[in-house]
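Please walk through this model element by element.

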Amino acid sequence: MKRIYNVLVQNQSGVLCKVSGLFWRRCFNIDSLAVGETEDNSVSNMTIVSTGDEHTQEQIEKQLNKKLDVIKVKTFDEGEAVCRELMLIKVKYSRDNRRDIIDNCSVMNATIIDMANNMMTIQICDTPERAQIFLENLSHIKIVEITRSGTVALTKCKEG
Amino acid sequence: MNGADAIVKCLEMEKVEYVFGYPGVAICPFYDSILNTKIKTVLVRHEQHAAHAASGYARLTGKVGVVAVTSGPGATNVITGIATAYADSIPLVVITGQVDSRLMGSDVFQEADVSGACESFVKYSYIIRNAEDVPRIVKEAFYIANSGRKGPVLIDFPIDIQNQKIGKLEYPETVSMRSYKPTVKGHTRQIDKVVRELKKAKRPLICTGGGAHLSGAADVIRSFAEKHNVPVVSTMMGLGTLPTEHPLFFGMVGNNGQAYGNRAMNQADMILLAGARVADRSIARPNEIEDNKVLVHIDVDPAEIGKNAGPSIPLVGDLKSVFEELDKEAISTSTEEWLKMLADFRREAEQDKKAKADLVTTPGTVDPTRFIRALSDAMEKDAVYVADVGQNQLWSCANCIIREGRFFTTGGMGCMGYSVPAAMGAKLAEPDRQVVAVCGDGAFQMCMMELGTMRQYNVPVKIAVIRNNVLGLVRQFQHFTYKDRFSVIDLTGSPDLESIAAAYGMKFLHLNDEAKMAETVKAFLENDESVLLQCDVDPNEVA
């Protein structure tokens, strides 16, 4: 079962290591991890996506709360949140498939943000599922490099 | 004033009496500043033992034990001691010297990333980057170590920051950490639920763990149990919550515990698990513990509740506070039949034990269980008994008679060589109390260098070495599991303990004849002096 953990932590060195070390030591799985400052620059927000059974999910939340650098843990399922992932994909194109790539981008709301020497970098910012679909749509094209931000998420406004 | 002066001033403000440690260049500013204070220093012979000694001190006083060692190998040597304290939730503040902060990360001489290495077994760690932060950090460190679920806190202190000049020192009076607010008071609604269930229960049982001692709850648990006639069992770390011979006490639980204690756990229809973490050695099948019974799990650490067993009623809070609340409630219980059933279980077990008592031991050896009983029976009633790790620990747990004294051992980490330094720390804490360390000959050789410390600071600890010239518990395991294919358990080459005692100016006693047990134990315990007692047992004895 996938679960999203929104973890507010003290914005100081070593905290990322402590939190990721906790997952490693206790054999919890990390599907993705994204970190950034919040509106208060002394606080960072970590969005961690993890897969595990109910007992593991409860333990993850409790063990995170036990860390002294952790200020607050909010957990929710994907359905309760708006989730986004940013993916950058560098592909090799030719005259034959250029149009096809552009069409794909336009259908999926992706943008070409860099282009040179028969290569282009495409940006897609969408739900993790749609980002994945886009990637699969490009499977017939030579992909040179991919980088993904990991999921960031906030609970839906009506969920508070 | 520099950073080092500031930290020792802060230690004074925390009323620190002893610092256990071992200096080196990177912690020299600290050890220079400490000369200006009344804080007493104890130079141990190995950094690991500094942490164990501080642990013994902390367990007896309820205060934070303080350790100061140098960088690199000094810091890495202390790690096992820190991990031991973490597993047993013992409050320590460990100060490690560190190389110049401008050189950190460049692998200079005696540099080790100790805060990184210790991350998974410290409650919290600091690297001091600015000497102005010393007062806040020390205040927080002491608060964190000795509140909530207690544990060790590491302060890594680079030498240039120790030498950094600072202005006036203002020691904060309070701690304010937005990310750390341990729950002390149990939730009223949960307490009400416990009371409701207690009223219904026919076979209630309290099972205490190390938390009973750490929160200072032993007295209130005892009075609660007596008031409502609720029987009590303990885990290894909880031993001593009730005196061994208290009519309501039904032994230690777990795979090394008494059969009647485990039967009590199985037969109970309600268990109040108090300050125990459902460890694998205490509760063999945690999934089944809640079968057919109401399981109340009371712990100050919410992460322990539901980790290994899913309780019917989780109750987060400090044990002392929770039992004080429970004590206010009017609960009428009728447990006569239940107590009678438990007394029968105990009687059956005692009869088995009596049958064994008549067995003759191999000539030239004594029965370790009879020795532990004779020793603990003759000890002063408020004595401190420190058991090491191995067969000696299991014999001690099952046979030590605890009255108003304390029983220390390392149940979580099972760290060999704990007993002598921990006993030393306890004796320094309360010099008027009798302190006895019991260890095997394997564990003794892991800590016997501390006889030098005991002699130097005149710490008259009594040490009983149960000698069988093998690593007994491993041998026992290989006997049962590997059908006597013994591997690397032979301690041939161990020193003559009489000569060791003579070398350190200690009295020596040798017990290898049961007929002389009483007089030897008497000679061992009389006078407040260090004694090394060698008690020979047959290597085939199993615990």
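**Strands, helices and a sheet**

Strand β5 (residues 81-92) of chain A and β9(A) run antiparallel, joined by 4 bridges. Strands pair if DSSP finds at least two bridges between them. Helices (H or I, at least four residues) and strands (E, at least two) are DSSP runs, numbered from the N terminus. This is a predicted model, where local features need pLDDT of at least 70, side-chain atom pairs count only at pLDDT 80 or more, and totals for chains, interfaces and linings use all residues. Residues are numbered from 1 along each chain as its sequence is written, chains are lettered from A and ligands numbered from 1 in the order in which they are written, and side-chain values use heavy atoms, with hydrogens and water left out.

Within this pair, Val82(A) stands opposite Leu154(A) of β9(A). In β9 (residues 152-155) of chain A the side chains alternate. Ala153(A) and Thr155(A) point to one face and are buried (under 20% relative accessible area; exposed is over 50%, partly exposed in between; 1.4 Å probe, protein chains only).

Next, two helices of chain A. The axes of α3 (residues 95-108) and α4 (residues 128-137) of chain A come within 11 Å and cross at roughly 165 degrees. Therefore α3(A) is roughly antiparallel to α4(A). Axes are lines fitted to C-alpha atoms, for helices over the stretch in contact, and angles run from 0 to 180 degrees between N-to-C directions. Angles under 35 degrees count as roughly parallel, over 145 as roughly antiparallel, 65 to 115 as roughly perpendicular and the rest as oblique. Asn104(A), Cys105(A), Val107(A) and Met108(A) of α3(A) meet Arg130(A), Ile133(A), Phe134(A) and Asn137(A) of α4(A); contact means heavy atoms within 4.5 Å.

Now chain B. Its open sheet has 6 strands in the order β14-β13-β15-β16-β18-β17 (chain B), with parallel pairing. The edges are β14 (406-408) and β17 (507-511) of chain B, each with a single partner strand, so one side of each lacks a neighbour in the sheet. Direction ignored, neighbouring strands of this sheet are turned by 15 degrees against each other on average. Strand β13 (residues 384-387) of chain B pairs with β14(B) over 3 bridges. There, Tyr385(B) stands opposite Phe407(B) of β14(B). Helix α16 (residues 419-429) of chain B lies across β13, β14, β15 (435-440) and β16 (462-467) of chain B. Helix α16(B) runs at about 175 degrees to β15(B).
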